[in-house]
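Visitor: I have a new model open and would like to learn how to read it. Could you take me through some features, one at a time?

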Amino acid sequence: MDVYLGVALVLCSALTHSIWNLFAKRSLHKSTFLWSLHVLASIIFMPFFVQNMMVMDASWAEIGLLVCTFLCQGLYFLLLSKAYQYGELSRMYPMMRGQGRCSFR
């Protein structure tokens with residue numbers, strides 16, 4: 001039963017991921033759409049984040065890495081909105097998804 005739940009969650013995740021990328025590409029104000037989506041997700045998941053941070057005994061180095069991750073994610077959304085303004089979804093999306101791997105190797 002757990003396997004079916006896992007597969008269903010992965011498929012739902014893939015579906016919602018492709019849908020928000022399609023909406024981002026078709027929206028008139030791409031950066032506004034992506035930031036609105038990001039803010040909404042942050043509000044929804046903030047209680048879980050705060051709860052985990054209170055339980056976790058994080059060092060300053062780990063907190064610094066967490067802040068760096070937040071900044072990189074914000075930069076990704078900014079660059080994704082700019083990429084969707086200039087190119088097709090089928091070309092821009094794979095290039096943007098591979099950008100993180102190219103930047104840190």
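Guide: Let's begin with burial: a residue is buried when its relative accessible area is under 20%, exposed when over 50%, and partly exposed in between, using a 1.4 Å probe and protein chains only. This is a predicted model, so local features need pLDDT of at least 70 and side-chain atom pairs count only at pLDDT 80 or more, while totals for chains, interfaces and linings use all residues. Residues are numbered from 1 along each chain as its sequence is written, and side-chain values use heavy atoms, with hydrogens and water left out.

Visitor: Is Lys30 buried or exposed?

Guide: Lys30 has a relative accessible area of 9%, so it counts as buried. You'll find Lys30 in helix α2; helices here are DSSP runs (H or I, at least four residues), numbered from the N terminus.

Visitor: What does Lys30 touch?

Guide: Contact means heavy atoms within 4.5 Å. Not counting residues up to four places away in sequence, Lys30 touches Ala24, Lys25, Ser81, Tyr84 and Gln85. Look from Ala24 with its neighbours within four places set aside, and the contacts are Lys30, Phe33, Leu34 and Tyr84.

Visitor: Which residues of α1 are buried?

Guide: Trp20, Asn21, Ala24 and Lys25.

Visitor: Which residues make up the largest nonpolar core?

Guide: A nonpolar core is a set of buried Ala, Val, Leu, Ile, Met, Phe, Trp, Tyr and Cys residues joined through side-chain atoms within 4.5 Å. The largest one here has 10 residues: Trp20, Ala24, Leu34, Tyr76, Phe77, Leu80, Ala83, Tyr84, Met92 and Met96. Two or more residues of this core come from each of α1 (2-26), α3 and α4 (89-103), and α3 gives the largest share, five residues.

Visitor: Where does Tyr93 lie, and what is it in contact with?

Guide: Tyr93 lies in helix α4. At a relative accessible area of 23%, Tyr93 is partly exposed. Beyond its neighbours within four places in sequence, Tyr93 is in contact with His17, Asn21, Tyr76 and Tyr84. Also, Tyr93 and Ala14 are 79 residues apart along the chain, with 14 Å between their C-alpha atoms.

Visitor: Last one: how should I read a pocket?

Guide: Rolling a probe the size of a water molecule over the atoms shows where empty space is left. On a 1 Å grid over the protein atoms alone, a pocket is an open set of points where a 1.4 Å probe fits, with protein on both sides within 12 Å along at least five of seven lines; lining residues have an atom within 4 Å of a point. In this model, 13 residues line the largest pocket, and His38, Ala41, Ser42, Phe45 and Gln73 lie nearest its centre. α2 supplies the largest share of that lining, nine residues.
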